[in-house]
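Have the sequence and the 3D view at hand as you read.

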Amino acid sequence: MKRSVLLLAGVALACTSATFALAAPEDLLPPGFGNAPPPPPPPPAPTPTPRASGGNPAPSPGPAPGASGNSGSSSTPVIQPLPGIGEEPPAARGSRVALPDGFPSLAELEAMEPDEIDQVLGLTPKYDIPPGARRSMEKVGVLSSAEGGFHSRSFAGQPARLVEAALQAAKGPMISRWGHILLRRVLASRLDAPEGMDPAGFAAMRASALNAMGEETVARALVQDVDGSNYNRALADAAMESYLATGDILGMCPVARLQPLLREDGEWEMIQGLCLAYDGQVRSGERRLQKVLGTQMAPTIDVRLAQRFAGAAGEGRRAVNIEWDGVEDLTPWRFGLARALGADIPESLRRPGQQPELDIAEVQIPASPLLDRIKAANVAAERGIFSAAAMVDLYSLLYASELYDAGAKDPARQLRAAYAAADVAQRIAAMRSLWTANPGYGSQVLTAYAAARIEPSEALEDDAGELIASMLTAGLDRNAMRWSGVVEDGSLGWALLSLARPAGSASVSASAVENFADVSDRKARFLLAGLAGLGRLSDGDARNIASNLGTSLDRTGPWRAKIERAAATDNAALVALLAGVGMQGQTWAGMTPRQLYTIVRALDQVGLSAEARMIAAEAVARG
């Protein structure tokens, strides 16, 4: 409060209702009114005395009219003009500056918080990092090339319009788990922006694409690699989305304090209030939130959630009731705040399976109920967001928890049996129980390491295909290859292993592919596309098999021309990005053999053969 008074006093001295007076300082007090006595006048210079004739001194002249003398007459006083009276000095008239339009009045300034006055007067700091610690906008990202990321100059020489179009097209879920993992790696790499593209805008597009994929945790790490002073509106929007989806409500505070005018909406105002509260200015934060409520900049439920969150700063003086009556939808703001607060969300608003973006966010917020995270984990694993190891860790939490009954903990016990049961038949039965309870690719991710512990045996030939498919979800191709002596040509296990074999393996016979076509016509088309893309079928065999299966691998188009051009220039990052564009969708029904062939072939050409093999095998397993 003392700081506000001082600021207002300074504003009152500097401002009038319309103008600033910027005249040079002038001493308006007459001599003798200062703190020190005026200096004495200099002594008069001696004047030679003229002499009259005869040597006598000449008489002194008499006093001038009006001067004080011995005659007793009074002198005329000298009056110093008071400030503001009389004509204004020319210097002051020439230095007046008109206030900008919309400058607040003194009454409005008195009603403002200290941080708002700082904004008006331009006193908000522009940096919160010492000059030597500020980061360049080059090589923004999480993964360096030494850590598995792509080369930093991968996009620097590419047309900005091409990269921007690809990033815009790659905003959504992908049909391939391994395609998702590859695209995430591209977007998270430490990359320079293409020439002519704003680096902050490039980071914003990458973070937005990651958010759309459900990778808000990676997006949050990406935006945190940019100093708050370098944010633009697009980057702030992407960052806000990632922070809300991960329950990190205060993550935007550094940006909000440095750039308070970056956005003008209710959520941004509430973030300002929360940041004030957790910066020790609890009352100022509460007043800011109350202002949002009073002006209806945000719905009441949003403000109430923010007020309860601010009250946890330590000096909350009143309880805040969260009433969901009349609320029809669950927005990211409401979901993130409610989960961070541990507030119950009505079942009518939280509909698992119907809100996939919230299902993914559920897994990434540690404050979410464990059973809700378990339910959503299968979707996250199927998409490629969760690894097999992360799934096992999550189920281990459930197994060790004492908060749930035996029925709720049954999936965790089944997973333990899949790993540790003494009998192989019991271990496979436990895996099948998990696959049946949660149909989909996510349950196969969960059992990947358990399947790798099964010793190959001809007695398990009927189970080999599903066990191999489960192992390949985690990239365990070496473990899967141990079954090559067990599976028969033309079986599902044989098809998966023929694609998962490391580079340099022998080619596959056309007759074996045709035998597999009897098992599944659609899977056979994907097998053909994968083998042809990896170069494991001769051109003649590939054409003959394609003709027999009623498909073609030769048709071209704009997307195929671009990815093949990128492969010809050996630009692995651009090939991976364009491959991600080609794998957008919800199910494998949207993938054609021709698309799969193009993707696998281009990836294999630029040295991404491991990813190419896993994508091809996944297509056959899920096709």
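A search of the whole structure finds 28 salt bridges, a salt bridge being a side-chain nitrogen of Lys or Arg within 4 Å of a carboxyl oxygen of Asp or Glu. Side chains of opposite charge can pair when their charged atoms come close. Please keep in mind that this is a predicted model, in which local features need pLDDT of at least 70, side-chain atom pairs count only at pLDDT 80 or more, and totals for chains, interfaces and linings use all residues. Residues are numbered from 1 along each chain as its sequence is written, and side-chain values use heavy atoms, with hydrogens and water left out.

Let's begin with arginine 288 and glutamate 269, which form a salt bridge whose closest N and O atoms are 3.1 Å apart. This pair links distant parts of the chain, 19 residues apart: arginine 288 sits in helix H12 (residues 282-295) and glutamate 269 in helix H11 (residues 266-278). Helices here are DSSP runs of H or I with at least four residues, numbered from the N terminus. Are these two partners buried or exposed? Arginine 288 is buried, at 4% relative accessible area, and glutamate 269 is buried too, at 16%. Buried means under 20% relative accessible area, exposed over 50%, and partly exposed in between (1.4 Å probe, protein chains only).

Next, find glutamate 382, whose side chain meets that of arginine 622 in a salt bridge (3.1 Å, N to O). Glutamate 382 belongs to helix H16 (residues 370-383) and arginine 622 to helix H31 (residues 609-622), so this pair ties together parts that are 240 residues apart in sequence. Glutamate 382 is partly exposed, with 29% relative accessible area, and arginine 622 is partly exposed at 21%.

Now look within a single helix. Glutamate 564 and arginine 560 meet in a salt bridge of 2.9 Å, N to O. They are four residues apart in helix H28 (residues 558-568), which means that about one helical turn separates them. Glutamate 564 counts as partly exposed at 28%, whereas arginine 560 is buried at 10%.

Salt bridges can also be joined up: which residues are linked in a network of them? They are Arg233, Asp237, Arg263, Asp265 and Glu267.

Finally, turn to aspartate 489, found in the loop between helix H23 (477-480) and helix H24 (492-500). With 58% relative accessibility, aspartate 489 counts as exposed.

Notes. Helix = DSSP H or I, 4+ residues; strand = E, 2+ residues; numbered from the N terminus.
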